[in-house]
Amino acid sequence: SRELVGLKELIQLLRSEAHTRPFEMRVKVVAFENATFKQQTDVMQWADIAFSAHGAANTNWVFMRKGTFAMEVFPFAYRPTMYQVLAETFGIHYRSFMAPPDTDTFSDCLATHASVPPKVWSDWADAEGQYRRTGSVQSGTFRNEAHTDIDNAYNKVQALKPCLRTQRLRIDPSVALDTVMSAARLLLHTWESRSGSAS
């Protein structure tokens with residue numbers, strides 16, 4: 001499983017926030033590596049909001065209830081959309097976060113492979129600079145939504161995507177907290193609307 005750097009801080013913030021809310025809010029950390037299929041489905045059917053790293057465990061979102069939230073954290077400059085499509089197909093609201101660049105890990109990984117064209121390094125530096133200035137990457141090959149552009153520009157660099165995936169996933173706990181709490185408020189409003197129309 002991928003470690004989410006900043007997750008402990010996010011959990012502390014969420015648990016503190018839970019004490020100030022007029023509704024019940026439970027925070028549970030789950031690892032599926034050794035869980036049975038039933039344990040995995042039970043957890044996902046119970047969850048109103050799932051917050052996880054990009055990875056195969058997100059296929060478990062198919063067991064979430066329609067109208068719940070799935071939140072996915074990506075390594076910098078790597079954002080395939082298969083789990084977003086899966087969530088939206090099942091009526092699950094989707095949110096994503098991109099971790100900041102982890103240049104050391106990315107560079108160390110690429111250094112173990114065959115020669116890398118200089119364009120990769122200059123494009124990376126440009127993307128990293130954009131991210132540091134604005135919090136996102138809106139232009140260039142490594143921009144936020146450019147997964148196919150990476151394939152087209154660097155199709156000879158087989159290690160590129162695996163090296164992008166090796167980056168540490170660091171989250172900003174306060175940004176994640178705002179997103180989770182916004183989802184919780186929306187869920188509460190939806191439930192209150194349903195119960196009001198049923199009476």
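**Exercise 1.** Which residues of helix α4 (residues 103-111) are buried?

*Solution.* Before we start: this is a predicted model, where local features need pLDDT of at least 70, side-chain atom pairs count only at pLDDT 80 or more, and totals for chains, interfaces and linings use all residues. Residues are numbered from 1 along each chain as its sequence is written, and side-chain values use heavy atoms, leaving out hydrogens and water.

Step 1: Buried means under 20% relative accessible area, exposed over 50%, and partly exposed in between (1.4 Å probe, protein chains only). Helices are DSSP runs of H or I with at least four residues, strands are runs of E with at least two, and both are numbered from the N terminus.

Step 2: pick them out. The buried ones in α4 are F106, C109 and L110.

Step 3: look down the axis of α4. These buried residues fall within an arc of 95° (taken from the directions from the helix axis to the C-beta atoms), so they line one face of the helix.

Step 4: turn to the face pointing away from the buried side. There you'll find the exposed residues D104, D108 and A111.

**Exercise 2.** What kind of aromatic pair do F106 and W121 form?

*Solution.* Step 1: check the rule. Rings of Phe, Tyr and Trp (its six-membered ring) pair if their centres lie within 6.5 Å; planes under 30 degrees apart are stacked, over 60 edge-to-face, and the rest tilted.

Step 1: apply it. F106 and W121 sit 6.1 Å centre to centre with 65° between the planes, an edge-to-face pair.

Step 2: compare burial. F106 is buried at 0%, while W121 is partly exposed at 32%.
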